[in-house]
Amino acid sequence: MQKALMKSVAAASAAMTLVPGAAWAQAPSDIGRYDWGPHMMWGGGWYAMIFGPLFMILFLAILVVAAILLVRGLGGPWSGPVSPHHSVAGRAPLDILRERFARGEIDKEEFEERRRVLGE
């Protein structure tokens, strides 16, 4: 009797082990679930693929503008190109007059006259 009970328990456990596998074997597979099909691209049209490159270009343009604004913001105020006739802070008028004389922009008489006008 005990041997018969052991055989029936072994047969029941083997059946319980094999039945779900057999049921799964009958289930439809998901192998082609992610293949190309009518569900792709909003109804299957290739026309929607233009949005990928457009959004990439838009993203890169926003990134470049943000980088430019960040660099300008961290760089401080920009005063533009310095004109050669504007004096740099900390230089005396007589120093500028001497430089102009040294470059040959003015002659000796004009240098002497302007030096007298400046009071030195």
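Tutor: Let's begin with Phe55, which counts as exposed at 53% relative accessibility. Keep in mind that this is a predicted model.

Student: Which element is Phe55 found in?

Tutor: Phe55 sits in helix α3, residues 51-75.

Student: And what kind of pair do Phe51 and Phe55 form?

Tutor: There are 2 aromatic pairs in the count. Phe51 and Phe55 make a tilted one. Their ring centres are 6.4 Å apart, with 35° between the planes.

Student: How many residues apart are Phe51 and Phe55 in helix α3?

Tutor: They are 4 residues apart, so about one helical turn separates them. In general, an α-helix has 3.6 residues a turn, so residues three or four places apart point the same way.

Student: Is Phe51 buried, exposed or partly exposed?

Tutor: Phe51 is partly exposed, with a relative accessible area of 39%.

Student: Which residues make the nonpolar surface patch?

Tutor: Ile50, Phe51, Leu54, Phe55, Leu58 and Ile62 make it. The patch covers about 600 Å².

Student: Which residue follows α3?

Tutor: Gly76 does. The phi of Gly76 is positive, near 85°.

Student: OK, the other aromatic pair. How far apart are the ring centres of Phe101 and Phe111?

Tutor: First, recall that Phe51 is partly exposed. The Phe101 and Phe111 ring centres are 4.9 Å apart. Their planes are at 25°, so this pair is stacked.

Student: Where do Phe101 and Phe111 lie?

Tutor: Phe101 is in helix α4 and Phe111 is in helix α5.

Student: Is Phe111 buried or exposed?

Tutor: Phe111 counts as buried, because its relative accessibility is 10% and buried means under 20%. Phe101 is partly exposed, with a relative accessible area of 35%.

Student: New topic: charges. How many salt bridges does the count come to?

Tutor: The count comes to 6 salt bridges.

Student: Take Glu110 and Arg114. Where do they lie?

Tutor: Both lie in helix α5, residues 108-118. They are 4 residues apart, about one turn of the helix. Glu110 is partly exposed at a relative accessible area of 25%, and Arg114 is partly exposed at 36%.

Student: Where are Glu99 and Arg103?

Tutor: Both are in helix α4, residues 93-103. They too are 4 residues apart, about one turn.

Student: How accessible is Arg103?

Tutor: Arg103 is exposed, with a relative accessible area of 53%. Glu99 is partly exposed at 32%. Glu105 is partly exposed at 43%.

Student: Let's zoom out. How many helices and strands does the protein have?

Tutor: It has 5 helices and 0 strands. From the N terminus on, the order is α-α-α-α-α.

Student: What share of the residues is buried?

Tutor: Buried residues make up 6% of the 120 in the protein. The accessible surface comes to about 11100 Å². Carbon and sulfur atoms account for 68% of that surface.

Student: Last one. Where is confidence lowest, and where is it highest?

Tutor: Confidence is lowest in helix α2, residues 41-44, at a mean of 54. It is highest in α3, at 92. The protein averages a pLDDT of 77, and 60% of the residues score at least 70.

Student: So what should I do where pLDDT is low?

Tutor: Where pLDDT is low, the predicted coordinates should not be read in detail.

Definitions and conventions: Residues numbered from 1 in each chain as written. Predicted model: local features only at pLDDT ≥ 70, side-chain atom pairs only at ≥ 80, totals over all residues. Heavy atoms only, no water. Patch = residues over 30% accessible without salt bridge, like charges linked within 9 Å, V, L, I, M, F, W, Y side chains within 5 Å. Areas by Shrake-Rupley, 256 points an atom, 1.4 Å probe, with all protein chains shown as cover. Salt bridge = Lys/Arg side-chain N within 4 Å of Asp/Glu carboxyl O. Helix = DSSP H or I, 4+ residues; strand = E, 2+ residues; numbered from the N terminus. Buried < 20%, exposed > 50% of the residue type's maximum accessible area, 1.4 Å probe, protein only. Phe/Tyr/Trp six-rings, centres within 6.5 Å; stacked < 30°, edge-to-face > 60°. pLDDT = per-residue confidence, 0-100.
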